[in-house]
Amino acid sequence: MVSRFPPWIVKRLSLAPSDKKGGGEEVNKTRNLLSRLDLHTVCEGARCPNLWECFAESTATFMILGKICTRNCKFCSVAKGSPLPVDQKEPKRIAQAVKKLDLKHVVITSVTRDDLPDRGASQFFSTVMEVRSINPDVIIEVLIPDFAGSREAINQVLEARPEIVGHNLETVPSLYRKVRPGASYERSLKLLKLVKILQSDIYTKSSLMLGLGEEKQEILQVMEDLRRIDCDILTMGQYLQPSSSHLEVRRFIPPSEFEEYKKVAEKMEFLFVASGPFVRSSYRANEFSSRFIRKVTH
Amino acid sequence: MKEIILPDMGEEVKEATISFWHHEEGDKVTKGEDLVEITTEKASFQVEAPVSGVLSKISAGEGEVVKSGQVLGIIEE
C-alpha cells in the first residue's frame with residue numbers, strides 16, 4: 001500500500017524503549033500533566049501532526065474557554081456546539097502547567113465564544129495575569145479569536161500585556177466563505193491593526209494555511225495587507241484535512257514553494273517568517289522570542 | 001523482546017493505517033531506523049525502531065487499520 005501523502009508530509013515518531021506504554025516518556029509526561037490539570041490543547045483538538053514532537057519537548061499550546069467552539073470553520077476539527085460555562089479556575093491551572101513544564105514561551109489560544117458577552121476576553125486577561133504571577137520571566141503569546149471585532153474585548157486582553165498577540169487570517173479573502181464562515185477577512189485584518197494602534201510595542205502575528213485552492217497572487221496580496229498594518233510575524237503551513245467531513249486538500253505545496261514564499265515575505269520586511277509544510281501558528285513559537293525578545297530585554 | 005506499540009497519537013486521533021513496513025519478518029533492524037510507516041487522516045508517520053534486534057513478528061500488516069496501544073510487531077533484542 002502506498003501512502004496517499006507526498007513524501008514531504010511525513011513526521012518521525014520515536015518510541016522511547018524505556019516506556020512500557022510504547023510512547024515516548026516525555027510525551028506521556030506532558031500528556032499526564034495536562035490531563036491531571038484538566039487542560040485542553042489545540043494540539044489535540046486540531047489533531048496536529050506535530051503533537052508528538054512538541055509534547056516530547058514538553059511544550060503545548062493551551063486552549064482555554066473549554067473545548068467546544070461556537071464557530072463552524074470547515075478546516076478545523078475542534079468540537080463544535082454549545083460550550084460549557086467558563087471555568088474560573090482554569091487560568092490558575094494553566095499557570096501551574098507553565099511552571100511544571102518550565103516553559104520559556106507559552107502560547108495560549110481559545111475556542112471562539114460568541115455566546116459570552118465579553119467573547120472570552122476576561123478569561124484571556126485572567127490567564128495571562130495568572131501565568132505571569134508565578135512565571136515572571138515567561139514570554140506570553142496569545143492567539144486570539146476575532147472577538148466579533150469588539151474593541152473593548154481586545155483592549156481587555158492587551159491590558160494583561162502579553163508580549164505577542166496572534167490572530168490568524170488562515171486563508172485568502174476569496175475563500176473565507178468556504179473556509180471560515182462566520183468570520184470576515186476585513187474584520188480580522190482590522191483586529192491586528194487595532195492591536196498595533198493600541199499597544200505599538202506588542203508584536204503581532206498571523207498565520208496562513210496553504211493548499212485550500214488559493215492563487216499565488218492572492219497569497220502575495222495577503223502578505224502585503226499584513227505588512228501594511230505592521231504585522232511583525234508571519235507563519236505559513238500546509239493545510240491538512242483532519243477528517244473526511246472537513247475541506248479537502250486542493251494541493252500539497254512542495255517545500256521549495258514554501259521557501260519561495262518565505263523569501264518574498266522576508267523581502268517585505270516581516271520581522272520573522274516561518275514557512276514550511278508542517279509549520280503551524282504555534283509550532284516552535286519560541287524561536288521568535290529567543291531571537292528577538294530576549295535580545296531586547298537583556 | 002520489545003513490542004512495537006502504536007503510541008497515543010492524541011485524544012482525537014483514534015486510529016491509523018499501516019502504509020508499509022520497511023522490513024520483513026526475520027530482518028535485522030537497528031535502533032532509530034525507519035521501521036514502519038503509518039498514516040492518519042492528517043499525515044504519514046515514520047515509526048523508528050525502538051531497539052536493535054531482529055524483527056521477529058509483524059502483527060499488523062500493510063493496509064490494516066490499527067488503534068493506539070495496539071502491538072504492531074515484535075523485535076527480539
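In chain A, A:Val107 stands opposite A:Glu141 of strand S5(A). The two strands concerned, S4 (residues 105–110) and S5 (residues 139–143) of chain A, run parallel and are joined by 5 bridges. Strands here are DSSP runs of type E with at least two residues, helices are runs of type H or I with at least four, and both are numbered from the N terminus; two strands count as paired if DSSP finds at least two bridges between them. The model is predicted, so local features need pLDDT of at least 70 and side-chain atom pairs count only at pLDDT 80 or more, while totals for chains, interfaces and linings use all residues. Residues are numbered from 1 along each chain as its sequence is written, chains are lettered from A and ligands numbered from 1 in the order in which they are written, and side-chain values use heavy atoms, with hydrogens and water left out.

S4(A) and S5(A) belong to an open sheet of 8 strands with mixed pairing, in the order S2-S3-S4-S5-S6-S7-S8-S9. At its edges are strand S2 (40–41) and strand S9 (272–275) of chain A, each of which pairs on one side only.

Elsewhere in chain A, two helices meet. The axes of H8 (residues 185–198) and H9 (residues 216–228) come within 9 Å and cross at roughly 35°; axes are lines fitted to C-alpha atoms, for helices over the stretch in contact, and angles run from 0 to 180 degrees between N-to-C directions. A:Tyr185, A:Leu189 and A:Leu192 of H8(A) make the contact with A:Val222, A:Asp225 and A:Leu226 of H9(A), where contact means heavy atoms within 4.5 Å. These residues divide into 5 nonpolar, no polar and 1 charged. In this scheme Ala, Val, Leu, Ile, Met, Phe, Trp, Tyr, Cys and Pro are nonpolar, Asp, Glu, Lys and Arg are charged, and the others, Gly among them, are polar.

Over all chains, the structure holds 20 salt bridges, each a side-chain nitrogen of Lys or Arg within 4 Å of a carboxyl oxygen of Asp or Glu. One of them links A:Asp114 and A:Arg71, with the closest N and O atoms 2.6 Å apart. A:Asp114 lies in the loop between S4 and helix H5 (121–134), and A:Arg71 in the loop between strand S3 (61–64) and helix H4 (90–101) of chain A, so this pair ties together parts that are 43 residues apart in sequence.

Turning to the interface, 33 residues of chain A and 34 residues of chain B take part in the contact. Together the chains bury about 2,800 Å², 54% of it on carbon and sulfur atoms; buried area is the accessible area (1.4 Å probe) that two parts lose on being put together, summed over both. The count of salt bridges between the chains is 2, and B:Asp34 forms one with A:Arg12, the closest N and O atoms being 2.6 Å apart.

A:Arg12 also has a bridge partner, B:Gln46, in S5(B). Strand S1 (residues 10–13) of chain A and S5(B) pair in the parallel sense over 4 bridges.
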